[in-house]
Amino acid sequence: MAMANRRGGRSRSPPAAASSSGKAAAAMTPSPSFPPDLLREIASRLTSLQDFFALRPLCRAALPLSPPNLASQAPLLLVPDAATASHALFHIRRGFLRFRLTRTHLTGEAADIHSLGCRVAVDLRDRCQLRIVHVLTGERTRLPSPPNPFSGLRLSGDLVVALNHLNLQYCRLGTPKWCVASVSDPCRLHDLIFVDGTLYALVNPGYRLAVVRLSDSGNSNSEELELEFLGGELDAQTFGQSLVFCLAECCGELILVTRPKHNYRRTFHVFRWQSEEQKWERITSLGGCAVFLANYRFAGCLGPDHRGIRGDCIYHTIPGLLRVHSLVDESVTECIINYPVGKVPMEFCQSVWIFPSMC
């Protein structure tokens with residue numbers, strides 16, 4: 001990866017006197033004292049991307065970009081960078097990283113960016129193009145823009161789903177032909193999420209939960225979306241007093257995140273779906289896990305004991321500000337993203353979460 005080799009390994013590159021082809025090849029050969037198993041064990045404990053990419057040249061074949069090798073990597077924020085007309089990676093504890101994402105990876109033009117784990121979707125509306133970009137490798141997949149505007153994207157395997165309140169658009173990465181399925185009145189789609197390969201929808205009115213069945217016919221013409229409602233409507237008090245409704249996933253379980261309207265601390269409430277009882281149950285613990293939201297959309301979840309991440313918390317980012325909400329005591333910690341001179345002012349910053357451990 002050109003980006004990683006140029007930045008992550010800069011401070012550890014061999015001196016010029018030892019840069020002959022023979023010595024360079026020898027330097028890249030694994031030492032008997034560093035067997036591949038040991039390198040993988042070391043890599044899985046690293047919390048810095050710079051350290052990971054500095055270690056990787058010792059045995060690149062043994063250290064692919066994979067979840068086990070990047071298991072301890074903290075989530076990052078991808079933020080606009082006016083100085084380079086592109087984007088930069090921001091570590092929530094260490095600040096901006098030395099990785100500079102060039103225009104070959106992400107465009108500096110006006111575009112909406114959606115989080116997809118270790119990938120992002122870049123919506124280039126003026127070009128009628130949608131790019132799926134792997135942030136660490138720069139690998140790109142180009143798709144035509146969905147035929148209708150959309151407010152969110154979900155990715156499961158090679159299936160891309162675009163959310164619109166009136167319809168759902170989907171295509172396969174290998175066959176970039178969009179299909180459109182419309183919802184019948186009075187239903188409106190509020191949110192979508194994949195959990196273990198099943199696509200769930202939050203449907204108005206009533207914020208009802210439904211399973212979405214997508215047709216495999218490949219017909220690009222609009223057809224009616226098949227929804228299997230699961231019941232379990234929210235109680236009237238929660239429904240009436242909540243401002244935000246967001247489907248999320250926590251360690252394979254479907255959850256619903258809400259935010260009360262009149263709450264000066266701006267905390268969140270979390271409900272877990274009980275499939276046997278067909279109802280939502282209020283919970284005050286995520287089992288030590290942490291859930292990440294961006295602009296009230298689910299971005300990812302990290303398991304317990306992830307170094308540098310507080311368990312039983314919801315990490316929520318809005319332009320220029322990171323909030324950490326504790327479900328245990330309902331406390332809220334705020335962190336202002338301090339942009340260096342030349343970077344985009346916080347009030348104009350649209351940031352999305354990047355998860356190296358979800359490669």
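Q: In which loop is Asn-295 found?
A: This is a predicted model, in which local features need pLDDT of at least 70, side-chain atom pairs count only at pLDDT 80 or more, and totals for chains, interfaces and linings use all residues. Residues are numbered from 1 along each chain as its sequence is written, and side-chain values use heavy atoms, with hydrogens and water left out. Strands are DSSP runs of E with at least two residues, numbered from the N terminus. On that basis, Asn-295 is found in the loop between β21 (290-294) and β22 (297-302).

Q: What is the phi of Asn-295?
A: Asn-295 counts as partly exposed because its relative accessibility is 35%, the class between buried (under 20%) and exposed (over 50%), with a 1.4 Å probe and protein chains only. Although Asn-295 is not a glycine, its phi is positive, at about 50°.

Q: Which residue does a cis peptide bond join to Asn-204?
A: The residue in question lies in the loop between β13 (198-204) and β14 (208-213). With omega at about 0°, the cis bond joins Asn-204 to Pro-205.

Q: Which elements give two or more residues to the lining of the largest cavity?
A: A cavity is a set of points on a 1 Å grid over the protein atoms alone where a 1.4 Å probe fits but cannot get out, and lining residues have an atom within 4 Å of a point. Residues including Phe-268, His-269 and Arg-282 line the largest cavity. The elements giving two or more residues are β19 (269-274) and β20 (279-283).

Conventions:
1 Å grid on protein atoms, 1.4 Å probe; cavity = no way out; pocket = protein on both sides within 12 Å on 5 of 7 lines; lining within 4 Å. Helix = DSSP H or I, 4+ residues; strand = E, 2+ residues; numbered from the N terminus.
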